[in-house]
Structures are given as structure tokens and as C-alpha cells.
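Student: Could you take me through one part of this model up close? I'd like to see how the pieces there sit together.

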Amino acid sequence: MKKIFEKLINLLNRFMYGRYGLDKLSEFIYFIGLVFVLLSFGGRFRLTLISGIIFDTFAVYRCLSFDWQARREELALYLKMRNKLSVLLKYIRLKFTDRKHYRYCLCKSCDKILRVPAGKGKVMATCPVCGRKYKIKS
């Protein structure tokens, strides 16, 4: 039994040689497809089932692709968008939780979050990353 398992692993390794493989974007696309497929089982939603199958097929296509450069560019774009979204969500959370004591704004050049004390009038804030200066009403 162990030899059969090793042969299968070896066969899979040879098949995947030179292919792109699984990355964060493929996992995300597969997860979205899985959600669509699971939603389609609740009723007569053929469109969600077809959409789920399309998403899952695209995720498998990305994993089996030989075009590393295109897949890396797609992954870089996805990670950039995901990072911007996480910064925006952090900004919204901080703005809400500390609203009595601090005012927050985003640096327009590097997307870092700037914090100034509340109730001090117009304050000059400097971004610690890029050095750009802002007048912020606190």
C-alpha cells in the first residue's frame, strides 16, 4: 500500500513539474466558486451553480498553467488590491473606535494612516513614511 501511495505522489509531482501551482489568488477564486456552488444547492439557482463551476474551473486553470509570468502579474495585482482593502478597513475601524480622542486621515501618496489628537483645531501632521505634510482639522 505504501508503494502505491509513493507512486501516486511521484506521478503527481511529475505532472505538476513546470506548472504554476496553487497561490493565494487561486485559493480565493476557488473559495468564491465553492460559495456559489453551495448557495446553488438551496434552491433552483442554476446561474449560481454555473458561476461557481466557472470560478472553480478558472482556479484549476491557474494552478495548471505553464505561464508563470502572467500568473505572477495577476497575483501581484490581487495582493495590491487586497492590501489597499485591508488598509481601508483598518482606517474605518480606527476612525470609529478612537473617535473621541483622535482624528485619522490617509496619506495620499503612500496610503499610511495619520493620527492627530482631537479638539486641537487645525494641526500640521507629517507622514512618517514619505514626509508629506498635511493640515488636518481635529
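Tutor: Two directions count as roughly parallel under 35 degrees, roughly antiparallel over 145, roughly perpendicular from 65 to 115, and oblique for the rest. This is a predicted model, so local features need pLDDT of at least 70 and side-chain atom pairs 80 or more, while totals for chains, interfaces and linings use all residues. Residues are numbered from 1 along each chain as its sequence is written, and side-chain values use heavy atoms, leaving out hydrogens and water.

Let's look at the helices (DSSP runs of H or I, at least four residues, numbered from the N terminus). The axes of α2 and α4 cross at roughly 75° and come within 9 Å (lines fitted to C-alpha atoms over the stretch in contact, with angles from 0 to 180 degrees between N-to-C directions). The two helices are therefore roughly perpendicular. Lys24, Leu25 and Phe28 of α2 meet Glu74, Leu75, Tyr78 and Arg82 of α4 (contact is heavy atoms within 4.5 Å).

Gly52, Asp56, Ala59, Arg62 and Cys63 are its buried residues (under 20% relative accessible area; exposed is over 50%, partly exposed in between, with a 1.4 Å probe and protein chains only). Looking down the axis of α3, the buried residues fall within an arc of 115° (taken from the directions from axis to C-beta atoms), so they line one face of the helix. What covers them includes α2 and α4, along with α1 (2–16). Over on the other side of α3, you'll find Arg46, Leu47 and Ile54 exposed.
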